[in-house]
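Open the model in your viewer and keep the selection tool at hand. This tour goes stop by stop.

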Amino acid sequence: MKHGHLSTKDLADFIRERATIEETYSRSMTKLAKSASNYTQLGTFAPVWDVFKTSTEKLASCHLDLVRRLQELIKEVHKYGDEQIKAYKKTKEDVSGTLEAVQSIQSITQALQKSKENYNAKCMEQERLKKEGATQREIEKAAVKSKKATDTYKLYVEKYAAFKSDFELKMTETAQKFQDIEEMHLLRMKEIIQSLSNTIKEIHLQIGEVHEEFINNMTNTTVESLIQKFAESKGTGKERPDDEGYSIKPEATQDILFTIINHFYSSSDSDSEDDEPRRFHVEIKPVQPNNSSQYTMPSLDELKVSIGNITLSPATSNGFLFTFLVKTK
């Protein structure tokens, strides 16, 4: 039972050492995960470091979870160790009768051995006197001693038989009790080891899932996807700019339009600000060149003549409709 308690203590120390190793490994993995963030985030390979970081962090978490569960298991082992001490004290009281029987059988065995030796010596002394022709008195005196030794020896034989029966009975009961205790001890130790094995197995399954997830993530991280992510992070948009705003219009036509608009707003300053804006229909008909085979830029007088052909559409409920139509060849 003492050795059983020592085994329990050694098992707790072993699990504690395993927890220390797992904790150190978890810290190292956490440090490794942080270092992944320090690697270059430039280029198309940058997103891969996120996959490494996430996977490493999950592995560190798995090992840290194992540490926590091992520490809980250590508490159970210590609790069982305390129960062993209590059981040891109780058993020691229960088998105190067996201890007395052991001490008694040891004592009677020694006394029996001495009485046997004394019996043999007295009997041999009596026989020696007879062979040597000693006097009758010496022979009778030796016979008395021999008979006394025989009675003493017989008494110890009977006592030994009684003590032996009680000893065997109590030893059988005590041995069975000790065996039951040892069987329970070994079963409890195996349960603790089984719990340890299951805990490690579950964590390893989680670690396997993390590795499987890492493999799948790397499989899904194709060359095309990496390049696409890089393009999206560096791009300025997915649509082309509208280049219509950069078309160049004839300067003469723009000058005519600006002149008419400025004239229109300057002539309408007298109108009330509360009136609705008026729309006008302006139609400009440039002078047609005599020679249609070659077009020449009209002169200022010709443009004035064309502007003189401005027509006003009928008024509407919203005011005048001002339409400006430039006809060029």
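Helices (H or I, at least four residues) and strands (E, at least two) are DSSP runs, numbered from the N terminus. Colour by secondary structure: the chain has 7 helices and 2 strands. Their order from the N terminus is α-α-α-α-α-α-β-α-β.

Two notes on reading the model. It is a predicted model, where local features need pLDDT of at least 70 and side-chain atom pairs count only at pLDDT 80 or more, while totals for chains, interfaces and linings use all residues. Residues are numbered from 1 along each chain as its sequence is written, and side-chain values use heavy atoms, with hydrogens and water left out.

**Stop 1**

Two packed helices are described by the angle between their axes and the distance between the axes. Axes here are lines fitted to C-alpha atoms, for helices over the stretch in contact, and angles run from 0 to 180 degrees between N-to-C directions.

Select residues 2–38, helix α1, and residues 46–94, helix α2. Their axes come within 8 Å and cross at roughly 165°. The pair is therefore roughly antiparallel. (Angles under 35 degrees count as roughly parallel, over 145 as roughly antiparallel, 65 to 115 as roughly perpendicular and the rest as oblique.) By class, the contact of α1 with α2 has 21 nonpolar, 11 polar and 7 charged residues. Ala, Val, Leu, Ile, Met, Phe, Trp, Tyr, Cys and Pro count as nonpolar, Asp, Glu, Lys and Arg as charged, and the others, Gly among them, as polar.

**Stop 2**

Now select residues 136–220, helix α4. The axes of α2 and α4 come within 10 Å and cross at roughly 175°. That makes α2 roughly antiparallel to α4. Their contact has 22 nonpolar, 10 polar and 9 charged residues.

How do α1 and α4 run, parallel or antiparallel? Their axes come within 11 Å and cross at roughly 10°. α1 and α4 are therefore roughly parallel. Show the side chains in this contact (heavy atoms within 4.5 Å). On α1, pick Gly-4, Ser-7, Thr-8, Leu-11, Ile-15 and Arg-18. On α4, pick His-185, Met-189, Ile-192, Ile-193, Leu-196 and Ile-200. By class, the contact of α1 with α4 has 7 nonpolar, 4 polar and 1 charged residues.

**Stop 3: the core**

Buried means under 20% relative accessible area, exposed over 50%, and partly exposed in between (1.4 Å probe, protein chains only). A nonpolar core is a set of buried Ala, Val, Leu, Ile, Met, Phe, Trp, Tyr and Cys residues joined through side-chain atoms within 4.5 Å.

Which residues have the most contacts inside the largest nonpolar core? Select Ile-15, Leu-70, Ile-192 and Leu-196. This core has 21 residues. The elements giving it two or more residues are α1, α2 and α4. α2 gives the most, with 9 residues. Zoom in on Leu-196: not counting residues up to four places away in sequence, Leu-196 touches Ile-15, Leu-70 and Leu-73.

**Stop 4: the outside**

Find Phe-14 in α1. Is Phe-14 buried or exposed? Phe-14 is exposed, with a relative accessible area of 54%. Its C-alpha atom is separated by 9.5 Å from that of Ile-74, 60 residues away along the chain.

Move to Glu-209 in α4. Glu-209 is exposed too, at 56% relative accessible area. Glu-209 and Leu-59 are 150 residues apart in sequence and 9.8 Å apart in space, C-alpha to C-alpha.

**Last stop: the whole chain**

Zoom out. Buried residues make up 22% of the 329 residues. Among contacts between residues at least 6 apart in sequence, 87% join residues at least 24 apart.
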